[in-house]
Amino acid sequence: MRLESSYWFIHKAVSIENCDRILKLAKVKKEQIGLVGPDKRKDLKLRDSRITWLNDQWIYDILFPLVTSLNKASGWNFEFDYAEACQVGCYKKNQFYDWHIDTRAINKQHNDKNLNGKIRKLSTSLLLSNREDFKGGEFQFYYNNKSPAKFEENTEIVKLSKGSLLCFPSHLWHRVKPVTEGTRYSLTTWYLGQPFK
């Protein structure tokens with residue numbers, strides 16, 4: 001799939017107060033190890049982070065119109081009608097999430113019937129931390145159809161600040177580079193629809 005724009009983002013898309021509110025909700029929930037793949041396996045060579053899940057309606061009420069607007073402004077115009085649970089990722093020193101894509105089909109026997117038969121089309125990442133609170137942890141894209149190589153060609157780092165909402169097609173390769181100091185928090189959400197025709 002050829003796209004004119006690989007990603008779009010809005011600085012200060014979500015208020016500092018709402019970022020703090022999301023973070024406060026996440027911090028009272030039990031953290032889990034960040035798993036990878038459709039089989040949800042632990043792979044510390046690919047991902048080393050802690051996560052919590054949120055599904056508070058007020059978060060979707062904020063994000064859904066923003067994602068709809070970005071989807072249109074970018075020219076992607078993907079059809080989507082549902083979002084999975086929101087995932088708050090916590091990255092401390094030396095933690096990371098290496099190169100991966102988010103696209104996957106949802107099993108037809110899923111417990112949530114709203115997910116059945118759909119695929120992830122758009123992914124978003126909302127930075128919840130102040131940039132001064134951590135070093136490293138950059139969000140990076142890789143622009144190639146093949147698996148990412150060890151060198152840094154065809155990559156781009158996106159500079160985000162607290163409250164910035166990054167939106168991109170779920171099939172793009174991306175990663176969170178290792179945090180070298182402090183703690184990085186972000187909220188990831190995936191938007192689903194029927195398979196592309």
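Which residues are buried in α2? They are Trp58, Ile59, Tyr60, Leu63, Leu66, Val67, Leu70 and Asn71. Buried means under 20% relative accessible area, exposed over 50%, and partly exposed in between, with a 1.4 Å probe and protein chains only.

This is a predicted model, in which local features need pLDDT of at least 70, side-chain atom pairs count only at pLDDT 80 or more, and totals for chains, interfaces and linings use all residues. Residues are numbered from 1 along each chain as its sequence is written, and side-chain values use heavy atoms, with hydrogens and water left out.

**Two helices**

Helices are DSSP runs of H or I with at least four residues, strands are runs of E with at least two, and both are numbered from the N terminus. The expected span of a helix is 1.5 Å times one less than its number of residues.

| Helix | Residues | Expected span | Span between end C-alpha atoms |
|---|---|---|---|
| α1 | 12 residues | 16 Å | 16 Å |

Helix α1 covers residues 16-27. Its buried residues are Cys19, Ile22, Leu23 and Ala26. Seen down the axis of α1, they fall within an arc of 95°, so they line one face of the helix. The arc is that of the directions from the helix axis to the C-beta atoms. An α-helix has 3.6 residues a turn, so residues three or four places apart point the same way. On the other side of α1, Glu17 and Lys24 are exposed. The cover over the buried residues of α1 includes β4, α2, β6, β8 and β15. Just after α2, Gly75 takes a positive phi of about 85°.

**The largest pocket**

A pocket is an open set of points on a 1 Å grid over the protein atoms alone, where a 1.4 Å probe fits, with protein on both sides within 12 Å along at least five of seven lines; lining residues have an atom within 4 Å of a point. The largest pocket holds about 880 Å³ of space. Of its 41 lining residues, Leu35, Arg47, Gln87, Arg120 and Trp190 are the closest to its centre. The lining divides into 18 nonpolar, 15 polar and 8 charged residues. Strands that each supply at least two lining residues include β6 (86-91) and β15 (184-193).

**Gln87**

Gln87 sits in strand β6. At 9% relative accessibility, Gln87 counts as buried. Contact means heavy atoms within 4.5 Å. Leaving aside neighbours within four places in sequence, the contacts of Gln87 include Arg47, Trp53 and Trp190. The C-alpha atoms of Gln87 and Glu181 are separated by 22 Å.

Technical notes
Grid points are joined across faces, edges and corners, and a volume is the space filled by probe spheres set on the points. Ala, Val, Leu, Ile, Met, Phe, Trp, Tyr, Cys and Pro count as nonpolar, Asp, Glu, Lys and Arg as charged, and the others, Gly among them, as polar.
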